[in-house]
Structure formats: structure tokens, C-alpha cells
Amino acid sequence: MTPLEQYLNNATRGIWGKRKLEIQEELERDILERTKKFELMGFSRDQGILKSLEELGNPRKLALDFWEVQMAMQKNLMLGSVMVVMSFSVVTWQATIQRDYRFSCINSDQSYSIEGNKTATWLNVLFVARELEKVDFIDFTMEKIKTTTTESKNYFFMLTEADSGQFRTTIQTYINLKNPILMVQNPSAVGSIKMQCKW
Amino acid sequence: MNQNLDPNLLKGNLDLILLTILEEGEMYGLEIIQEAQIRTNGYFDFKEGSLYPALHRLTQAGLLTSEFRESDLGGPRRKYYTLTEKGQHSLSKKRNDWKQFSSAIDQLKGAK
């Protein structure tokens, strides 16, 4: 995936369908025109693209802003639906939205070490940020987490490494958005962990 | 962006800035950015992409309409934004609000 494609994907995370494609097209047009400007200044096309992406800023911030607009659109659509259609249709619409927002699966590609305290019970979200970024969790700071999911708790299994070196399912845990720390209850031992989708 | 410009001031008045620029006629995103820069001698130099969600929000609110058109450069299409009648009314109101606010600040200064 090129840096441009990666940027467009990141800038439209949480957006779907036709709207996602249109936003990507609009941003790509902008980036290519900025790139032309940099090429005229003597930069190569690749350098120009990177400088253009830098000018546009953090794609995750953009994704969040676009997502907020989308949420506002859906609220308006739902209000409109309530006014003009039967209650049965409204329920169907709400159900559709709910399904679209369901938390994506987490399956970690690599293991993460739990170090230090043998009875470690808390794992900072930053610890597994890279995995979470692949799904709906889009921005991290030390104190807060931003996400496109509306679920307050998102469940998955933790796998821990047994003596044989094999990973086995040990506990179910979750990220509580109000307290964005992975709660790991009684991990079997210090060692490596992986995450596995619950769904 | 102008180093001396308070980002909150810009954010709070972004709608007014965008609607004012589009009062001159339809434009696409990068053109709006360039227009803002040229008309204010670089004071509004907002290169960041945050402009786009703001344009989408204004479109959603019915203050702008948008339309994709083929670019003369080929490749992805350009998306043009146009001020609607509702947008024109909103712009007039925002201008009045701004004048009143600015005038009140001046009066505070004069009261010293």
C-alpha cells in the first residue's frame, strides 16, 4: 500500500459506503494538486506526495472529524424517520445502525510481553495500541482513547503463553471506554499474551 | 496557519470564513484554501485538511451544495461547493453577530 493509499484509508476510518469513496476522491484530488506544486519546486513526485500529506495533517484527526459529521447526519436521518414512517421502520433503521457500529474483531498478529509484577492485573491500552488501531480505536493518548464504536465495552479473549510455548485462551476481558485500560484478571503467569476476537 | 492566530478564534469563526469565501461563487476545497490565503495576505493560511469536514458539515446543514466534476487534469474529480439561499441568510446573520461582538469589544476598550 502506498503512503497515499494508507493516508486515504486512515483519514476515512469509520466511514463507509459511497461517502467513504467520495471523501477519498476529494482528498486525493487535493493531494495530487498539492503534489504538483511541490514538483514545480523541484521535489520528486514521491517527495511531493509526502510533503502534501504532511500539510494535510493527522489523518486520524480527519477521520474523527468526518465521523462526527456522519453521526450528525444519521441523527438527522433518524429524527426524520421518526416523523414520517411507522414505528416498525424506525426500529429496523436503528437496528441497521447498531449492526454497522458493532465493534470489529481484534486478533493480534504478534504477542506482547507482560513484564514485572507476576500478578499484573492491568495492561495499559498503549501496550497494544497497534492492534487496536487496526480496528475501530483510532487515537490514543495517555489519558484517553477515541473510537468510532458506540459500544461502551468491547470484549475479547486474552491468550497467554503456556509452558509448552503454545498460546491458550485464559480469560475474557474488555476495554471499557470510560476507563481505557485493559483489565486482565489473574493472568496465569508473566509471559506473552495475544488477543483473540470474541465474536 | 498564521503563527499569531489563536486556533480557537479560527475554529470559532471557520463557518463565517468559508461562507464568506463561497459568497463569491462556487469553488473546490484547495481553491478555497488558496483564496483565503490570497485575500488575507496569508493571515488565513489553513493548509490542514480540517477544512473538508467543515465543508461537509455546512453541506449537511443545507448551507452549501456540492457537486463532483471532472478535473481538467484528469484523475480524481474535483468537488465544487456552492452557497445556498439558506447559506446566504446564515452568512448575513453570522456577519451581524460578528459586528455586534466586535463592536462590544471596542466599547469595552473605549470605556477604560
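Trainee: Which residues does B:Met27 touch, not counting residues up to four places away in sequence?

Mentor: The model is predicted, and the contacts are computed from it. B:Met27 has its place in strand E1 (residues 27-28) of chain B. Not counting residues up to four places away in sequence, B:Met27 touches B:Ile21, B:Leu22, B:Ile32, B:Glu35, B:Tyr80 and B:Tyr81.

Trainee: Is B:Met27 buried or exposed?

Mentor: The cut-off for a buried residue is 20 or more other C-beta atoms within 10 Å. B:Met27 has 20 other C-beta atoms within 10 Å, and therefore B:Met27 is classed as buried.

Trainee: How many Å apart in space are B:Met27 and B:Lys79, C-alpha to C-alpha?

Mentor: Along the sequence, 52 residues separate B:Met27 and B:Lys79. In space, C-alpha to C-alpha, the separation of B:Met27 and B:Lys79 is 8.2 Å.

Trainee: Is B:Leu22 buried or exposed?

Mentor: B:Leu22 belongs to helix H2 (residues 14-22) of chain B. Because B:Leu22 has 24 other C-beta atoms within 10 Å, B:Leu22 is buried.

Trainee: Which residues does B:Leu22 contact, leaving aside neighbours within four places in sequence?

Mentor: B:Leu22 and B:Leu83 are 61 residues apart along the chain, and their C-alpha atoms are separated by 6.0 Å. B:Leu83 is also one of the contacts of B:Leu22. With neighbours within four places in sequence left aside, these contacts are B:Met27, B:Leu64, B:Tyr81, B:Thr82 and B:Leu83.

Trainee: Which residues have the most contacts inside the largest nonpolar core?

Mentor: In soluble globular proteins, nonpolar side chains tend to be buried together. The largest nonpolar core of this model has 32 residues. Those with the most contacts inside the core are B:Leu18, B:Leu22, B:Leu55 and B:Leu64.

Trainee: In what order do the elements of chain B run from the N terminus on?

Mentor: Chain B contains five helices and three strands. Of its 112 residues, 24% are buried. From the N terminus on, the elements run α-α-β-α-α-β-β-α.

Trainee: What share of the contacts in chain A with a separation of 6 or more is between residues 24 or more positions apart?

Mentor: Chain A has six helices and eight strands, and buried residues make up 25% of its 199 residues. In chain B, 49% of the contacts between residues at least 6 apart in sequence join residues at least 24 apart. For chain A, the corresponding share is 60%.

Trainee: Are H1(A) and H2(A) roughly parallel or oblique to each other?

Mentor: Two packed helices are described by the angle between their axes and the distance between the axes. The axes of helix H1 (residues 3-11) of chain A and H2(A) come within 10 Å and cross at roughly 140°. Since angles over 145 degrees count as roughly antiparallel and 65 to 115 as roughly perpendicular, the relation of H1(A) to H2(A) is therefore oblique.

Trainee: How many nonpolar, polar and charged residues are in the contact of H1(A) with H2(A)?

Mentor: The crossing of H1(A) and H2(A) is right-handed. On the H1(A) side, A:Leu4, A:Leu8 and A:Ala11 meet A:Gln24, A:Leu27, A:Glu28 and A:Ile31 of H2(A). By class, this contact divides into five nonpolar, one polar and one charged.

Trainee: Are H1(A) and H3(A) roughly parallel or oblique to each other?

Mentor: The axes of H1(A) and H3(A) come within 10 Å, with a left-handed crossing. Their crossing angle is roughly 20°. Angles under 35 degrees count as roughly parallel, and H1(A) and H3(A) are therefore roughly parallel.

Trainee: Which residues of H3(A) meet A:Pro3, A:Leu4 and A:Tyr7 in H1(A)?

Mentor: The contact of H1(A) with H3(A) has six nonpolar, no polar and no charged residues. A:Pro3, A:Leu4 and A:Tyr7 supply the H1(A) side, and the residues they meet in H3(A) are A:Ile49, A:Leu50 and A:Leu53.

Trainee: Which helix supplies the largest share of the side of chain A that touches chain B?

Mentor: Between the chains, 17 residues of chain A are in contact with 17 residues of chain B. Helix H2 (17-40), helix H3 (45-56) and helix H4 (59-84) of chain A each supply at least two residues of this side of chain A. By class, the side has eight nonpolar, one polar and eight charged residues. The largest share, eight residues, comes from H2(A).

Methods
Residues are numbered from 1 along each chain as its sequence is written. Chains are lettered from A and ligands numbered from 1 in the order in which they are written. This is a predicted model: local features need pLDDT of at least 70, side-chain atom pairs count only at pLDDT 80 or more; totals for chains, interfaces and linings use all residues. Two residues are in contact if their C-beta atoms, placed from the backbone, lie within 7 Å. Helices (H or I, at least four residues) and strands (E, at least two) are DSSP runs, numbered from the N terminus. Ala, Val, Leu, Ile, Met, Phe, Trp, Tyr, Cys and Pro count as nonpolar, Asp, Glu, Lys and Arg as charged, and the others, Gly among them, as polar. A residue is buried if 20 or more other C-beta atoms lie within 10 Å of its own, exposed if 12 or fewer, and partly exposed in between; C-beta atoms are placed from the backbone. A nonpolar core is a set of buried Ala, Val, Leu, Ile, Met, Phe, Trp, Tyr and Cys residues joined through C-beta atoms within 7 Å. Axes are lines fitted to C-alpha atoms, for helices over the stretch in contact, and angles run from 0 to 180 degrees between N-to-C directions. A crossing is left-handed if the near helix is turned anticlockwise from the far one by less than a right angle, and right-handed if clockwise.
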